[in-house]
Amino acid sequence: IPSVPVSFRASLSDPRLSSLTNGGGVVVLLGYGVSGLIICRRPDNNAYVAFDRCSTVNPSKKCALVPDNSGYLATDPCSGGKFSLLDGTAMRAPASRPLKQYQVYTDNFTITVSN
């Protein structure tokens, strides 16, 4: 995945993040990273994780992952590879490398995603 600057900051009450407020859930944000950001809130510990939406299968194609209805898996529509949104691991071939992960910082009111 190409290295590009990522700096996203928003209030946790931002309507774009509403599906993350109660643990679990996933949000897709366009305009950040290579193919957008995927932010997920893990149901086991309520921690936030963020990944580049660009698939690691043929990253030069910049194929954007599509989260499934559960919010815990994402599919590369170009190759059929699947990835865990809990930790970025490759779950189904041809995916073999994990997703590019970004740093997430939160306080009581804001979330920041950066590299």
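**Reading strands and cores in a predicted model**

Modeller: This is a predicted model, and in it the bridge partner of K82 in strand β8 is R92.

Biologist: What makes β7 and β8 a pair?

Modeller: Two strands pair if at least two bridges are found between them. Strand β7, residues 82–84, and β8 are joined in the antiparallel sense over 2 bridges, so they reach that cut-off and count as paired.

Biologist: Which strands are at the edges of the open sheet, and what makes them edge strands?

Modeller: The sheet has 4 strands in the order β5-β6-β7-β8, with antiparallel pairing. Its edge strands are β5 (66–67) and β8 (90–92), as each of them pairs on one side only.

Biologist: Why is S114 called buried?

Modeller: Buried means under 20% relative accessible area, and S114 has 16% relative accessibility, so S114 counts as buried. This residue lies in strand β10, and, leaving aside residues up to four places away in sequence, S114 touches V6, Y102, Q103 and Y105.

Biologist: Which residues of the largest nonpolar core touch the most other members?

Modeller: Of its 14 residues, those are F8, L17, L37, I39 and V113, while β1 (7–11), β2 (26–29), β3 (37–41), β4 (48–52) and β10 (110–114) each supply at least two residues of this core. A second, separate core of 12 residues includes C40, V57, L85 and L99.

Biologist: How do you know that L37 touches V113?

Modeller: Contact means heavy atoms within 4.5 Å, and V113 is among the residues that L37 touches by this criterion, including also F8, V27 and F51, when residues up to four places away in sequence are not counted.

Note on methods:
Residues numbered from 1 in each chain as written. Predicted model: local features only at pLDDT ≥ 70, side-chain atom pairs only at ≥ 80, totals over all residues. Heavy atoms only, no water. Core = buried A, V, L, I, M, F, W, Y, C linked by side-chain atoms within 4.5 Å. Buried < 20%, exposed > 50% of the residue type's maximum accessible area, 1.4 Å probe, protein only.
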